[in-house]
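Work through the exercises below with the sequence and the 3D structure open. Try each task before reading its solution.

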Amino acid sequence: MTENLLAGETSPYLLQHKDNPVHWMPWGDEAFARARRENKPVLLSVGYAACHWCHVMAHESFEKPEIAALMNELFVNIKVDREERPDLDAIYQTSLAMLGEQGGWPLTMFLTADAEPFWGGTYFPPEPRFGRPGFPEVLRGIASVFTSDPERVGQNAEALRSALEEAAVPRAGGGIAPELLTQIAGRLVAQVDPDRGGLRGAPKFPQPSLFQQFWRAWKRTGDETFRDAVTTTLNRICQGGIYDHLGGGFARYSVDDLWLAPHFEKMLYDNAQLLELLTIVWQETGDTLYAARIEETVGWVLREMVQPEGGISSSLDADSEGEEGKFYVWTRDEVESLLGAAAPLFAQHYEVTDAGNWEGRTILNRLAERGLADAETESALARSRAILLEARSARIPPAKDDKVLADWNGLMSGALAAAGQALGRPEWIDAAARAFAFVRDRMTEDGRLRHSWRAGRLQHPATLDDYANMSRAALLLLEATGDAAYLAQAERWAGLVEQYYSEPGKPGYFFAASDTPGLIVRNKTASDNPTPSGNGVMVEVLARLWLLTGNDAYRQAADTVVTAFSGELARNFFPLSTLLNASEFLFAPVQIVLVGDRSEPRAAAMLQALTRISVPNRVIQTVAPGDALPDGHPARGKSQKDGTATVYVCHGQTCSLPITEPGALTAALGGA
């Protein structure tokens with residue numbers, strides 16, 4: 001094998017490496033057969049298109065003929081896009097953690113010809129620095145050990161495989177008691193920076209699932225500590241440099257503890273989760289800052305990320321012209337030349353100075369301000385932002401990863417549906433429906449979802465997260481539109497999850513399907529990563545299906561998942577926010593039934609009132625007069641009052657009196 005084989009791939013990340021002098025191969029049987037034939041170890045390199053340090057290692061090592069020659073001589077080299085193959089990434093990130101190393105990307109793992117890891121790391125410089133050995137030194141050392149001490153390699157591989165298999169079995173428990181939710185939230189909120197928001201220290205990640213956990217604790221207990229943790233964090237994120245004040249949308253994280261200097265890549269999944277969190281909190285606070293950031297972020301998604309067919313692209317790179325953040329930053333001279341007399345006002349509000357605030361240039365931010373200014377000032381600033389945005393559009397933009405991922409599109413579809421419903425923006429709901437339909441129709445093969453689509457080609461088996469996030473999006477679209485086809489689709493997908501992602505006697509769902517090829521182990525976890533855990537999301541999906549259909553099998557399945565992972569709380573509850581939030585949804589739902597025709601003005605007014613109130617555990621169900629709710633539903637048999645649209649709010653088996661006025665509905669839900 002004397003060539004790079006990535007040119008035929010669809011992944012933008014893999015295509016970034018198609019001209020490397022490294023003889024890269026895609027993951028598959030052919031690569032491992034070659035490793036056996038040539039008795040070489042496998043060098044597995046995992047990254048993604050928007051990853052800054054992936055670019056750095058590529059420029060420093062993979063593009064250098066002398067390093068590439070060493071890789072080609074000593075290894076079979078496999079390149080994987082972690083976004084296309086999250087199942088593989090999860091296995092080898094876990095392996096690296098078991099070696100006592102901190103994970104991340106680029107991931108550099110060394111495998112046997114049976115795909116079993118025996119050593120690894122992340123970024124390696126081309127020569128020793130940062131306390132890390134140089135990459136050529138690593139390559140020679142690993143190859144030498146592989147040749148001279150195969151027994152040691154085998155022992156390492158066997159130990160890691162055994163540990164992976166053990167880790168794939170969740171620690172079961174006795175379920176999650178309601179009072180435990182508040183205890184855990186109290187422990188976690190103590191780690192929040194009270195002045196700057198986010199968890200203490202740097203870097204700072206938004207972590208929307210964690211802050212949803214705090215918001216639920218505030219709604220449940222009334223303890224303002226939880227509320228303040230959320231609003232302080234959102235205020236700083238919305239005003240910081242992590243937010244793109246010209247184009248909308250949030251970067252992945254802040255490298256400092258101020259939320260000033262971002263790692264400039266924009267990921268679809270971060271923006272989806274932040275949209276949903278902002279919407280939930282705006283429903284309670286009515287804060288104009290949150291409404292503005294929702295509007296602007298949706299504007300960015302619809303303007304820059306939605307593809308003509310309706311699917312939504314994955315990410316924007318951190319780099320442009322080989323420099324991180326170059327597209328987004330400004331000098332004072334640039335701002336003054338473009339804005340003229342309006343420049344001083346803009347500079348005052350966005351911290352534009354001669355010295356800059358980041359490597360001699362300015363990351364636009366409003367961290368000195370808690371919220372928005374008066375209407376006249378905001379109008380002037382908006383005009384200035386439009387001028388700068390137009391000027392910025394002439395710059396060379398960061399690369400876009402335009403592959404469509406089912407799970408990330410599910411996250412954004414659900415967020416757009418919820419935000420559109422809450423803020424009265426039907427065009428956002430329409431965009432959510434188009435993205436949903438793209439995945440449902442264009443990313444289904446032989447009746448089953450596939451994970452990735454690009455350039456007309458479907459790739460890779462679906463993961464649990466694909467089904468979980470798309471099912472949840474279906475149920476949020478059901479609330480937003482009343483279209484029962486969404487419920488039927490969610491039920492079909494739930495059936496496929498049971499068929500391909502579970503095994504009798506082994507509670508909880510596997511991340512990969514039972515027929516996914518080439519995996520040395522199938523992970524089973526409820527831990528959140530940058531995206532919510534599939535098992536956690538499935539608990540909410542199953543709870544919603546139970547409440548909407550009355551089918552108790554869904555409740556039992558949800559309870560089984562909670563029990564399967566509840567023992568993990570004793571080990572580490574920090575990454576389990578989605579599971580904990582979904583558990584509360586399961587045992588303390590607020591069922592809201594509207595009896596009426598959604599298109600009738602009074603019914604529409606009642607629905608609008610419903611969506612303007614922050615009730616995280618709500619399920620909204622619309623039934624036509626005369627139609628029956630499922631057996632066992634607490635509102636079964638209840639009808640309209642005085643022939644007009646009527647709402648019943650039910651906690652457990654107890655429902656409110658009939659409500660026919662929006663104001664009365666708001667009052668009834670005030671403490672929900």
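**Exercise 1. Explain how Glu540 and Arg544 are placed relative to each other in their helix, and describe the link between their side chains.**

Solution.
Step 1. Glu540 and Arg544 both lie in helix α20 (residues 534–549), and because they are 4 residues apart, about one helical turn separates them. Helices here are DSSP runs of H or I with at least four residues, strands are runs of E with at least two, and both are numbered from the N terminus.
Step 2. An α-helix has 3.6 residues a turn, so residues three or four places apart point the same way.
Step 3. The two side chains, of Glu540 and Arg544, meet in a salt bridge with an N to O distance of 2.9 Å. A salt bridge is a side-chain nitrogen of Lys or Arg within 4 Å of a carboxyl oxygen of Asp or Glu.
Step 4. Glu540 has a relative accessible area of 10%, so Glu540 is buried. Arg544 is buried too, at 6%. Buried means under 20% relative accessible area, exposed over 50%, and partly exposed in between (1.4 Å probe, protein chains only).
Step 5. Salt bridges with shared partners join Glu540 and Arg544 with Glu276, Arg472, Glu479 and Arg618 in one network.

Before going on, note the basis of these values. The model is predicted, so local features need pLDDT of at least 70 and side-chain atom pairs count only at pLDDT 80 or more, while totals for chains, interfaces and linings use all residues. Residues are numbered from 1 along each chain as its sequence is written, and side-chain values use heavy atoms, with hydrogens and water left out.

**Exercise 2. Are Glu336 and Arg332 buried or partly exposed?**

Solution.
Step 1. Find the pair in helix α13 (residues 332–339): Glu336 and Arg332 are 4 residues apart, which means a separation of about one helical turn.
Step 2. Their side chains form a salt bridge of 3.0 Å, N to O.
Step 3. Glu336 counts as partly exposed because its relative accessibility is 37%. Arg332, at 26%, also counts as partly exposed.

**Exercise 3. Where in the chain are Lys204 and Asp193, which meet in a salt bridge?**

Solution.
Step 1. The N to O distance between the side chains of Lys204 and Asp193 is 3.7 Å.
Step 2. Lys204 and Asp193 are 11 residues apart, each in the loop between α8 (178–189) and α9 (208–221).
Step 3. Lys204 and Asp193 are both buried.
Step 4. The count of salt bridges comes to 49.

**Exercise 4. Which cysteines form disulfides?**

Solution.
Step 1. Apply the rule that a disulfide is a pair of cysteine sulfur atoms within 2.5 Å. A search of the whole structure gives 2 disulfides.
Step 2. Cys51 is joined to Cys54, with the sulfur atoms 2.3 Å apart. This link of Cys51 and Cys54 is right-handed, with 80° about the S-S bond.
Step 3. Cys51 counts as buried because its relative accessibility is 4%, and Cys54 counts as buried at 2%.
Step 4. Cys650 is joined to Cys655, S to S 2.1 Å. The torsion about their S-S bond is about 100°, so the disulfide of Cys650 and Cys655 is right-handed. Both of these cysteines, Cys650 and Cys655, are buried.
Step 5. Counting bonded cysteines along the chain, the pattern is 1-2, 3-4.

**Exercise 5. How many residues has the largest nonpolar core?**

Solution.
Step 1. A nonpolar core is a set of buried Ala, Val, Leu, Ile, Met, Phe, Trp, Tyr and Cys residues joined through side-chain atoms within 4.5 Å.
Step 2. The largest such core has 189 residues, and Trp27, Tyr92 and Phe214 have the most contacts inside it. Helix α18 (residues 464–481) supplies the largest share of this core, 11 residues.
Step 3. A second, separate core has 17 residues, including Val590 and Met606.
Step 4. Contact means heavy atoms within 4.5 Å. Leaving aside neighbours within four places in sequence, the contacts of Tyr92 include Trp27, Leu44, Pro117 and Ile520.

**Exercise 6. What does Asp401 touch, apart from residues up to four places away in sequence?**

Solution.
Step 1. Asp401 belongs to strand β12 (residues 400–401).
Step 2. Asp401 is buried, since its relative accessible area is 1%.
Step 3. With those sequence neighbours left out, Asp401 touches Pro12, Ala49, Asp81, Glu83, Ser313, Ser314 and Ser315.
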